[in-house]
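Subject: Structure for your review

Dear colleague,

Please find below the structure that I am handing over to you.

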Amino acid sequence: MEINIGKKNSHKIFFFKCPSCGLSYSTTLPSFIKNELPELVDISSKKLEGAFKRGNLKFYDSQGVDSIQFRKRIGKIESGTMICFGDKIEVIRGFPKIRRTLMLNPSLKDHFSDEVAVEEKMNGYNVRIALINHKITAFTRGGYICPYTTKKAPELMDLTDFFRDNPETVICGEMVGTENPYVTHYYPEVGSLGFKIFDLREKVSNHPLTVDEKFETLEKYGLPPVKLLGVFDVEDAPEKVMNIVKKLGEADREGVVMKDPEMKITPLKYTSSKAHADELEYAFRYPFEFGRSFFFSRVIREGFQAYELDESEFELKQRAKRLGESILYPMLDVIKHVSRGDVASEDLVIHVDSYDDAADFVRHLRDLGVVATLLEFEDGKAVIRRIHQSTSDRITNYLRGGLY
Ligand code: ATP
Ligand code: MG
């Protein structure tokens with residue numbers, strides 16, 4: 001079935017089964033958005049039609065699944081939400097944004113009630129796994145169906161029993177490791193590729209299991225959880241969390257996500273100085289691919305952490321050095337690189353079964369707006385080159401004397 005995103009979809013006919021009466025219907029996209037979707041997501045048809053016109057609701061077809069993608073948050077429905085058509089309509093809600101605290105004290109006491117469960121925050125990419133049309137399907141943050149993740153997730157863990165018993169649950173987790181096409185980070189216990197689960201949520205409502213229920217369920221099905229680093233009284237939490245995050249940073253790990261054990265209050269995140277420096281170092285290697293707020297927010301985090309920690313002169317010097325080096329060195333490297341006539345690029349390595357799988361993934365990257373080519377494929381190892389065009393062009397221009 002050939003479907004093009006754009007005007008043509010107005011005429012495409014969908015077939016679906018009504019969730020309440022079970023009867024089969026056929027409809028067009030605009031008519032579905034006007035008539036059926038409002039009830040499904042509890043948003044007025046006027047608002048949804050407006051969002052469709054502005055391109056915030058889009059038709060998306062990938063891996064044999066027809067769907068409507070929420071490109072932006074609409075009302076209380078998160079960006080990344082997917083309405084998937086099959087023999088049944090599935091609503092996979094977007095993963096909620098986690099707000100950040102800059103001052104553990106007093107944020108934690110203000111935000112949580114009695115206790116705080118502290119989980120490790122893994123540095124990889126966000127994945128939601130759910131049954132769509134009886135098939136295990138993996139979505140990345142914005143609601144894209146990723147062919148690589150869809151293939152790898154069931155290889156990394158046996159999901160059959162879990163989904164047989166819990167077909168209405170969405171597994172939310174982080175894909176981590178060095179052989180990771182989106183966010184690479186080395187974890188000694190993971191190596192090339194691994195999956196860590198941090199939430200179990202219900203389809204449609206996005207209702208999460210409590211922290212205890214989640215860890216018990218994962219244990220029952222032998223599925224890999226993120227690490228629970230402790231459950232603390234809210235009064236003690238700021239100091240405990242600060243010590244944990246310091247140690248995590250020393251071990252080159254990202255930070256923590258703090259959760260209400262009942263999951264009634266929204267979680268908060270807090271990250272290590274090492275993580276800020278690593279992100280700055282990466283971003284300054286391709287400085288013109290990122291918005292200015294990316295850099296600014298990481299520097300702000302360092303300022304507040306240094307203040308809250310009340311560091312010694314020596315510690316502060318180390319922080320300043322780490323911060324400065326993470327900005328200057330990568331930038332100088334990339335300027336030198338481009339000055340030699342080379343293009344700013346990075347190579348990603350993944351292992352897939354066939355050349356077609358590798359090509360399929362590169363197509364998926366292009367759908368996401370990434371400029372990428374398949375550089376080589378041999379014995380299942382694919383090297384994909386990602387080109388950072390803005391960085392290359394702008395540096396070239398400035399090197400030739402172009403004004404900033
Ligand atoms: P957003 O909050 O919108 O995802 P972001 O891309 O900046 O923004 P991060 O700063 O990485 O995200 O923080 C939130 C992400 O952390 C979650 O989306 C999730 O993918 C990841 N994460 C890792 N470990 C956990 C955990 N234990 N609990 C919840 N989320 C976790
Ligand atoms: Mg992250």
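The notes below treat the cavities, then several individual residues, and then the backbone.

The model is predicted: local features need pLDDT of at least 70, side-chain atom pairs count only at pLDDT 80 or more, and totals for chains, interfaces and linings use all residues. Residues are numbered from 1 along each chain as its sequence is written, chains are lettered from A and ligands numbered from 1 in the order in which they are written, and side-chain values use heavy atoms, with hydrogens and water left out.

Cavities

Rolling a probe the size of a water molecule over the atoms shows where empty space is left. A cavity here is a set of points, on a 1 Å grid over the protein atoms alone, where a 1.4 Å probe fits but cannot get out; lining residues have an atom within 4 Å of a point. Grid points are joined across faces, edges and corners, and a volume is the space filled by probe spheres set on the points. On this basis there are 3 cavities of 30 Å³ or more.

The largest cavity holds about 60 Å³ of space. Its lining consists of N123, H185, D252, R253, E254, S272, K274, A275, D278 and E279. Sorted by class, these are 1 nonpolar, 3 polar and 6 charged residues; Ala, Val, Leu, Ile, Met, Phe, Trp, Tyr, Cys and Pro count as nonpolar, Asp, Glu, Lys and Arg as charged, and the others, Gly among them, as polar. Domain 2 (99-265) and domain 3 (275-339) both contribute to this lining, so the largest cavity lies between them. The domain bounds come from an automatic or database domain assignment.

The second largest cavity has a volume of about 40 Å³, and R100, T101, L102, Y270, T271, H276, R301 and Q305 line it. Strand 15 (268-271) and helix 10 (292-309) are the elements that give two or more residues to this lining; helices (H or I, at least four residues) and strands (E, at least two) are DSSP runs, numbered from the N terminus. By class, the lining of the second largest cavity has 2 nonpolar, 4 polar and 2 charged residues. Domain 2 (99-265) and domain 3 (275-339) each supply at least three residues to the lining of the second largest cavity.

Individual residues

Is K203 buried or exposed? K203 is buried, because its relative accessible area is 4% (buried means under 20%, exposed over 50%, and partly exposed in between, with a 1.4 Å probe and protein chains only). K203 sits in the loop between strand 12 (194-202) and helix 7 (211-220). The side chain of K203 reaches the backbone oxygen of P167 at 2.9 Å, a polar contact (a pair of N or O atoms within 3.5 Å; within protein, one must be able to donate a hydrogen and the other to accept it, and residues adjacent in sequence count only if both atoms are side-chain atoms).

N180, in the loop between strand 11 and strand 12, is buried at 1% relative accessibility. A polar atom of the N180 side chain lies 3.1 Å from the backbone oxygen of M175, and one lies 2.9 Å from the backbone nitrogen of Y182. Neighbours within four places in sequence aside, N180 is in contact (heavy atoms within 4.5 Å) with G124, Y125, M175, L193 and V349.

K269 belongs to strand 15 and is buried at 17% relative accessibility. Among its contacts, sequence neighbours within four places aside, are I98, R99, R100 and T101.

Backbone

Most residues other than glycine have a negative phi, and most peptide bonds are trans. The peptide bond from N105 to P106 is cis, with omega near 15 degrees, and P106 is found in helix 4 (residues 104-111).

Positive phi values occur at M263, about 60 degrees, and at D379, near 45 degrees. M263 lies in the loop between strand 14 (255-259) and strand 15 and is buried at 12% relative accessibility. D379 lies in the loop between strand 17 (372-378) and strand 18 (381-387) and is exposed, with a relative accessible area of 74%.

Yours sincerely

How values were computed. 1 Å grid on protein atoms, 1.4 Å probe; cavity = no way out; pocket = protein on both sides within 12 Å on 5 of 7 lines; lining within 4 Å.
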